[in-house]
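Open the model in a viewer, with the sequence panel beside it. The tour below goes stop by stop, naming what to select and what is there.

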Amino acid sequence: MIGGGQLGRMFALDAKRMGYDVITLDPHEHSPCGQIADDQIVAAYEDLSAIEELGRRSDVITYEFENIAIESVRHLEALSYRVLPGSSVLHVTQNRLREKEFVRDAALATTPFAAVQSLDDLARAAARIGFPAVLKTVRGGYDGKGQWEAASIDQAREAFAQSGGSELIFEAKVSLACELSVIATRNARDELVAYPVAENRHDRGILTMTIAPARVRTETANQATEMAAVIGRRLGIVGTYCVEFFLSTAGELLVNEIAPRPHNSGHYTIDVTPCSQYEQQVRAICDLPLSPPRLLANAVMMNVLGDGTGDRLTGIAELLRDPSIVLHVYGKRHAVARRKMGHFTMLVDGPVDAAAIARAEAAHALLSWSPC
Ligand SMILES: Nc1ncnc2c1ncn2[C@@H]1O[C@H](COP(=O)(O)OP(=O)(O)O)[C@@H](O)[C@H]1O
Ligand SMILES: [Mg+2]
């Protein structure tokens with residue numbers, strides 16, 4: 001596993017349950033995945049000798065984060081090590097511009113966009129697309145990092161200056177009815193399975209809540225699932241992946257982004273399906289049959305973020321008085337503000353309604369951080 005974050009950790013937990021050995025490569029000691037893996041290589045993602053060691057010691061290699069060095073993946077492939085999904089998938093998905101061009105070329109709807117590398121590009125993009133807009137760094141962003149909203153050309157210029165000259169993408173800001181995601185898995189035999197469409201709430205670019213299944217019309221859900229399947233097949237992904245969508249207030253379904261790995265909005269699959277998105281990833285890369293998703297309960301998942309006030313999570317006993325809640329904590333030492341530290345899934349019988357959402361929010365409010 002390249003990357004030692006929580007997605008790698010949950011992958012490793014499922015892989016260990018299935019009897020596999022896991023080795024992780026991450027720049028930090030004591031990473032969430034490193035705590036679970038049989039062994040860890042502590043090295044930078046671009047350290048080719050460390051990457052080679054990972055290759056030598058593995059039968060198959062995957063990653064849990066798309067902002068890793070593509071050269072490292074290409075290096076492994078050149079040495080005939082098996083990396084899934086392959087570098088061609090990373091090439092598209094680690095660059096927001098290439099990703100949107102790929103979506104457009106697949107004749108799937110996305111928000112109007114333009115490449116911005118200069119103030120001239122910016123003026124042209126603003127004239128063609130208009131405001132409000134969102135400017136994003138083409139590379140390296142996640143959890144809302146490297147993004148600026150702009151309501152005018154002056155604000156867009158300011159964002160351009162703040163970005164420090166990195167390549168940007170200018171997107172029309174979509175008026176959102178809601179955000180959706182499809183988690184799917186494809187194996188090398190072109191079997192493809194998809195979980196029910198999930199509904200996602202964000203705060204300042206970070207996922208806060210996932211509701212599964214999404215409360216949208218069946219046609220919308222089917223359309224999202226089909227679009228995700230087209231993307232998986234056209235990209236040739238082998239593994240679990242996520243397609244994020246915007247549903248606009250005008251009723252349009254637009255592809256937002258593609259993650260070539262398990263996704264935060266699929267955490268709930270651990271607790272309410274017999275085969276989680278992580279086990280599907282294990283199955284796909286180990287060339288095993290996939291498990292057609294089956295929802296045993298509906299779910300509300302809420303992220304637990306750090307707030308910078310302390311590293312000790314309090315309120316766990318109060319939270320767990322609710323027997324419908326399953327808590328996951330990632331073992332990160334420092335609860336830096338807005339860092340993803342854990343999540344919980346609330347199992348819901350029957351449809352997820354306003355009362356269920358309020359119950360999850362009240363449960364979330366029981367948690368806080370205090371100094372150790
Ligand atoms: N063009 C847009 N219109 C409306 N909201 C947006 C737009 N782009 C991003 N957002 C908001 O910011 C969140 C994060 O943006 P996203 O492109 O998914 O980047 P990342 O998740 O990699 O940080 C989205 O889920 C959405 O809430
Ligand atoms: Mg996103």
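Start by selecting Ala107, in the loop between helix 5 and strand 3. Helices (H or I, at least four residues) and strands (E, at least two) are DSSP runs, numbered from the N terminus. Ala107 is not a glycine, yet its phi is positive, at about 60 degrees. Most residues other than glycine have a negative phi, and most peptide bonds are trans.

Before moving on, note that this is a predicted model, in which local features need pLDDT of at least 70 and side-chain atom pairs count only at pLDDT 80 or more, while totals for chains, interfaces and linings use all residues. Residues are numbered from 1 along each chain as its sequence is written, chains are lettered from A and ligands numbered from 1 in the order in which they are written, and side-chain values use heavy atoms, with hydrogens and water left out.

**Cis peptide bonds**

Select Leu84 and Pro85: the peptide bond from Leu84 to Pro85 is cis, with omega near -10 degrees. Pro85 sits in the loop between helix 3 and helix 4 (87-93). Then go to Phe131 and Pro132, where the peptide bond is again cis, with omega near 0 degrees. Pro132 belongs to the loop between helix 6 (119-129) and strand 4.

Next, show the open sheet of four strands, which has the order 3-6-4-5 and antiparallel pairing. Two strands pair if DSSP finds at least two bridges between them. From one strand to the next, the twist averages 25 degrees; angles run from 0 to 180 degrees between N-to-C directions, and axes are lines fitted to C-alpha atoms, for helices over the stretch in contact.

Select residues 133-137 and 168-172 to see strand 4 and strand 6, joined in the antiparallel sense over five bridges. Which residue of strand 6 is the bridge partner of Thr137? The partner is Leu168.

**Helix 6 and helix 7**

The axes of helix 6 and helix 7 come within 11 Å and cross at roughly 145 degrees. This crossing is right-handed; a crossing is left-handed if the near helix is turned anticlockwise from the far one by less than a right angle, and right-handed if clockwise. Leu119, Leu122, Ala123 and Ala126 in helix 6 are in contact (heavy atoms within 4.5 Å) with Ile153, Ala156, Arg157 and Phe160 in helix 7. The residues of this contact divide into seven nonpolar, no polar and one charged. Ala, Val, Leu, Ile, Met, Phe, Trp, Tyr, Cys and Pro count as nonpolar, Asp, Glu, Lys and Arg as charged, and the others, Gly among them, as polar.

**Helix 2 and helix 3**

Select residues 48-56 and 70-78: helix 2 and helix 3 pack at about 45 degrees, with their axes 10 Å apart. That angle makes helix 2 oblique to helix 3. Angles under 35 degrees count as roughly parallel, over 145 as roughly antiparallel, 65 to 115 as roughly perpendicular and the rest as oblique. The crossing of helix 2 and helix 3 is right-handed. On helix 2, pick Leu48, Ile51, Glu52 and Gly55; they meet Glu71, Ser72, His75 and Leu76 of helix 3. By class, the contact has three nonpolar, three polar and two charged residues.

**An aromatic pair**

A search of the whole structure finds two aromatic pairs. Rings of Phe, Tyr and Trp (its six-membered ring) pair if their centres lie within 6.5 Å; planes under 30 degrees apart count as stacked, over 60 as edge-to-face and the rest as tilted. For one of the pairs, select Phe65 and Tyr142: the ring centres are 5.7 Å apart and the planes are at 85 degrees, so the pair is edge-to-face. Phe65 lies in the loop between helix 2 and helix 3 and Tyr142 in the loop between strand 4 and strand 5, so the pair ties together parts 77 residues apart in sequence.
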